[in-house]
Amino acid sequence: MNSILEVSGLDVGYRIAGGHIHAVRGASLTVREGEVVAVVGESGSGKSTLAQAVIGLLPGNGAIEGGSIRLGGSADTTELTALSEKAFRAVRGRRIGLVPQDPTVSLNPVQRVGVQVGEVLRVHGLADKRSARLKAVELLARAGLPDPEVRAGQYPHELSGGMRQRVLIAIAIAARPGLIIADEPTSALDATVQRRILDHLDALRAETGTAMLLITHDLGVAADRADRVVVMSGGRIVEEGPVDRILADPADPYTRTLVAAAPGLSAPPAPRIPPQPSGRPIVQVSGLTKDFPLPRLQGRRGVLRAVDEVSFDIARGETLALVGESGSGKSTTARLVLRLADPTAGEIRFDGADITRVKGRNWRELRRRAQLVYQNPYASLDPRFSVEEVVTEPLRAFGVGSPAERRARAAELVGRVALPASVLARRPVELSGGQRQRIAVARALALSPDLVVCDEPVSALDVSVQAQVLALLEELQTDQGLAYLFISHDLAVVRRIAHRVGVMREGRLLELRPTEELFTDPREDYTRELLGAIAGRRHATEAA
Amino acid sequence: MSAPGTLPRYLLRRLGTAVAVLWAAYTVSFVVLYLLPGDPVTTMASGGLDGEPLTPEQIEALKAQYGFDKPLIVQYGTRLWAALHGDLGASIQNGQDVRGAILEALPPTVQIAIGGLLVAVVLGGGLAIAATYTSQRWLRQLLMALPSLAVSLPVFWVGLMLVQVFAFGLHWLPSVGASGFPALVLPSLTLGLPMGALLAQVLAKSLTTVLDEPYVQTARAKGVGRAAIHVRHALQNAAIPALTVLGYVAGNLLAGTVVVETVFTRPGLGRLTVQAVGVQDIPLVQGVVLFASLVFVGVNLLVDLIYPVLDPRIAKGVPATS
Amino acid sequence: MTELLIREGPPDSSGTAPGSSVALPIPPTRRERLHRVLRFLGRRPGLVVASLVVLLVLVAAFAPGALAPGDPNVGVVADKLRPPSAAHLFGTDYLGRDVYTRVVHGASLSLQATVIAVAVALVVGGLLGLLAGFVGRWVDEALMRVVDVLLSIPAILLSLALITALGYGTIKVAIAVGVASVASFARVMRAETMRIRRSTYVEAARAVGTRRYVTLWRHVLPNAAGPVLVLAVLEFGLAILAVSSLSFLGYGAPPPAPEWGSLIAEGRNYLATSWWLCAMPGLTIAATVLSVNRISRALDGEWSRAR
């Protein structure tokens with residue numbers, strides 16, 4: 001087969017205030033016609049820069065500093081690095097299509113989607129005004145959008161995220177390019193939507209024999225979709241090869257950690273043995289319901305039932321996970337349990353005491369015993385605080401200990417989350433995401449609570465860092481007998497950490513079962529669908 | 001338009017807000033002008049800085065004439081009622097009807113206001129588009145620096161310097177007066193420059209932000225050219241903040257004429273205001289303030305009507321995130 | 001509760017740290033920090049010049065004698081209307097007074113008015129905004145409606161209305177200018193307060209048991225201070241312009257006193273023959289405002305972005 005893309009010895013650098021960053025160093029890779037090559041790496045690995053260089057859309061301060069990018073194909077071969085901006089325009093959209101990262105912001109909000117699809121054809125002289133409109137509808141249909149005639153006349157905000165991603169796919173395939181670059185094409189979408197869209201993209205691609213360069217942080221997605229995998233780290237390509245070889249026998253140490261850390265790929269972890277039930281549960285929730293008022297529509301005020309009659313218990317020392325896609329009500333449930341929001345109906349008991357309506361002093365007392373770790377460690381720490389101030393804030397709030405004692409306690413706490421004591425003098429901005437999340441965990445532990453609610457605690461972190469934070473959480477649980485309410489959209493993560501798992505959808509708790517049972521023998525169709533959408537699973541089952 | 005009824009409701013709400021703001025503006029000006037100095041008649045009766053003090057009888061007569069002998073709340077009520085019917089009272093200086101005085105002074109002011117608005121839109125808009133369009137770094141930086149220079153200059157000084165150069169130096173244009181088109185050029189330029197600078201700053205910033213948006217990247221990935229991206233994708237998205245500023249600018253044109261008409265010794269509303277403040281003619285000052293906020297509210301109502309045309313999300317009550 | 005402080009042994013500061021994940025960035029030394037500041041300034045000659053201009057203006061305001069030892073109100077009539085020269089940097093006016101000396105001494109009055117105006121706007125507007133943003137609900141609604149109304153009256157007209165009521169003079173002009181910009185301060189302060197009050201880290205502080213008013217003091221105020229300070233500096237430039245406009249219109253200090261705006265008003269009568277009478281004070285105002293704006297831009301995150 002001929003190669004459609006040949007990158008060799010590519011160097012890309014960014015000019016920044018007071019310096020220069022080498023984002024891609026000496027990268028070489030080949031994509032053959034009709035082939036899918038995945039570029040895998042964590043944030044900052046240079047994978048997106050590589051993609052931007054290929055399609056000629058580097059940010060203003062970035063430049064190709066060496067090497068070559070040759071775009072082949074049946075007709076002729078073009079050296080892209082030598083093209084003028086004007087000549088490159090004839091390549092973009094026509095010979096290389098792009099499926100961008102976040103569909104919610106990648107369509108012009110003030111233009112009808114049909115026009116946006118038709119625009120590709122019109123710029124490249126493939127259609128006039130009238131035929132562009134007809135062809136746009138046709139393309140939307142091909143991208144799997146229902147009612148394409150209606151959709152073509154709508155604005156992006158009238159479509160869901162998944163529908164918008166299909167519009168973007170229609171744009172990418174419109175001019176029948178030989179190569180599609182998909183830059184994290186579905187990471188902003190729910191797993192089940194993600195899976196359907198990637199399946200559809202695969203089918204379209206196979207039909208036309210288009211090659212694809214898939215940029216992803218998720219080795220599982222790469223394993224499911226790609227023929228070959230290219231692993232990047234620190235701007236370099238550290239390893240390259242067929243998917244099976246990379247997964248079965250990674251040669252580079254970095255690839256090995258990546259494979260080991262990817263939750264969906266490795267063999268299912270040994271089921272965690274739940275703690276022996278001792279005494280009454282720490283949390284008892286029954287019939288919990290939460291309504292949010294909706295904006296007035298047509299003179300009527302509706303409500304959105306975010307949480308609908310949810311009941312569960314959490315035993316001491318147990319991890320209960322709630323999984324679901326966005327809008328399933330899992331985060332709202334977590335906030336209700338902590339009483340950071342007021343329930344509409346139902347009852348919450350904490351260590352036997354009814355806390356459904358506690359206010360004032362009793363509400364504050366609850367804070368000593370139930371703590372929260374947020375999803376985003378960049379937002380949950382005051383940027384002006386030092387780490388010591390962050391960690392001791394709960395102690396100060398309750399007037400625990402003298403300043404010296406608090407300092408000692410802070411040092412102990414950061415030690416507990418495996419950070420050196422020297423971190424206490426730093427500010428959050430100086431730390432990495434994983435380090436910040438450890439600080440957030442240390443803060444949650446400061447008052448020795450019984451329950452810690454973790455709201456997507458690792459979803460903002462790179463995979464290898466995720467594994468470390470999860471290990472830390474497990475270790476702390478074993479040491480201190482903490483109970484966790486663990487909120488996540490990521491089933492692979494949940495399988496690793498939870499004793500029991502509840503599946504939520506549209507505010508309802510569909511099933512709540514011990515982890516292993518749920519994963520091996522799901523009762524609900526929806527659970528099966530969720531399980532089927534775990535990235536890397538397809539590969540794992542095929543290999544088995 | 002899947003939800004009929006939302007657009008009219010949006011307009012109705014805007015209209016309601018506009019009326020409420022006008023009423024409140026009346027109240028604020030009443031509080032400032034009638035309550036602050038304690039006894040307005042004494043202030044008025046002193047005839048400003050250089051007037052002769054009046055006798056107590058004259059003051060009492062004046063108070064009765066203007067209704068100041070009644071309780072404040074009654075005064076507020078009767079004056080507001082009169083204002084609702086377009087009666088803004090009579091000037092202290094010459095007893096002329098305030099509404100008449102304002103309408104009389106209006107035409108020359110409207111001339112330079114339109115001129116100033118044109119200057120602001122053409123210069124400001126053009127500068128912002130040129131600065132974001134050029135790919136020359138040095139040119140962009142130069143163009144971007146101009147507005148922040150222009151907003152740092154005192155308006156009256158700019159006017160005087162323009163007179164110095166174009167009237168006294170080059171003898172191209174008249175330095176003062178209000179006769180004919182040439183006399184309009186310098187005042188319009190003086191009035192429009194700072195507003196154009198403000199507009200240019202906001203539009204350039206907004207365009208820069210929009211040009212960095214992922215959807216512009218999508219358009220570039222389609223192979224759309226620079227100019228087409230500016231025209232088809234960026235401008236409409238960047239227009240909302242610029243339109244907001246344009247509304248603000250247009251609403252403030254009257255205020256700008258206060259200084260400009262003084263510099264160029266032109267008759268008009270601005271000069272009328274300066275004179276009224278000079279003799280502490282309270283009804284006239286209040287009339288001008290009210291008229292200015294009427295213009296401001298009217299212009300912004302117009303701007304509110306244009307928003308949904310520019311951004312379909314606004315008509316549907318979807319918060320525009322850009 | 002003290003038992004939990006001593007329940008476990010001394011913290012193990014390094015032993016449990018597994019490899020790469022805890023590699024901390026090395027904090028810069030004092031020498032490196034100094035180097036960084038110098039490099040930052042070295043790349044921004046405009047900022048350095050702006051700082052020097054503001055410094056000069058401040059010296060002029062507080063110790064005018066140090067820059068111009070002469071008397072601003074005494075002139076030699078024989079030397080009237082001389083263009084700028086070595087003896088008279090900014091030339092002389094129709095009474096033979098040195099314009100440079102008058103500009104330097106005028107800085108004091110003009111700056112005094114500006115400081116008062118900014119202080120009024122900052123204190124009143126800041127408090128209103130803080131109250132609206134932190135308390136929320138109807139307090140917010142009510143205060144913001146008032147702010148909307150104030151914004152719907154053009155600033156200079158609001159100032160003129162206040163001057164009509166209060167009378168003439170430097171201080172009154174200052175108050176009039178300050179009140180006219182209360183609304184914009186209130187708006188920014190409210191927006192900042194709301195943004196921070198709703199931030200995850202403030203919720204996190206509440207979730208660990210910190211009281212509401214403590215979060216106001218420890219989280220909201222320190223984090224809102226930055227943007228409001230930037231606005232205050234920017235407002236300083238605007239207030240200089242507004243004060244000089246009103247002074248130009250003749251509402252400031254009575255004639256012999258040299259205010260920047262009234263100096264230009266005086267020079268206006270000699271515009272055709274003696275350009276320097278208007279140009280020099282005007283350039284001084286422009287240079288001051290430009291410098292202040294440049295500094296405001298530097299404060300607005302340029303330093304943190306440059307790192």
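This is a predicted model: local features need pLDDT of at least 70, side-chain atom pairs count only at pLDDT 80 or more; totals for chains, interfaces and linings use all residues.
The partner of E511(A) is R513(A), and the two form a salt bridge with their closest N and O atoms 2.7 Å apart. R513(A) counts as buried too, because its relative accessibility is 4% and the cut-off is under 20%. While we're on salt bridges, there's also a network: R195(A), D199(A), D202(A), R205(A) and R225(A) are joined into one by bridges that share partners.

Okay, next pair. E85(A) and R92(A) meet through their side chains in a salt bridge, 2.9 Å from N to O. What about burial here? R92(A) comes out at 1% relative accessibility, so it counts as buried. E85(A), on the other hand, sits at 40%, so that one counts as partly exposed.

Now one that involves another chain. R218(C) and E389(A) form a salt bridge, and their closest N and O atoms are 3.6 Å apart. This pair crosses between chains: R218(C) is in helix α10 of chain C, residues 212-248, and E389(A) is in helix α13 of chain A, residues 387-397.

Stepping back for a second: side chains of opposite charge can pair when their charged atoms come close. And for the overall count, searching the whole structure turns up 45 salt bridges over all chains.

Definitions and conventions:
Residues are numbered from 1 along each chain as its sequence is written. Chains are lettered from A and ligands numbered from 1 in the order in which they are written. Side-chain values use heavy atoms; hydrogens and water are left out. A salt bridge is a side-chain nitrogen of Lys or Arg within 4 Å of a carboxyl oxygen of Asp or Glu. Buried means under 20% relative accessible area, exposed over 50%, partly exposed in between (1.4 Å probe, protein chains only). Helices (H or I, at least four residues) and strands (E, at least two) are DSSP runs, numbered from the N terminus.
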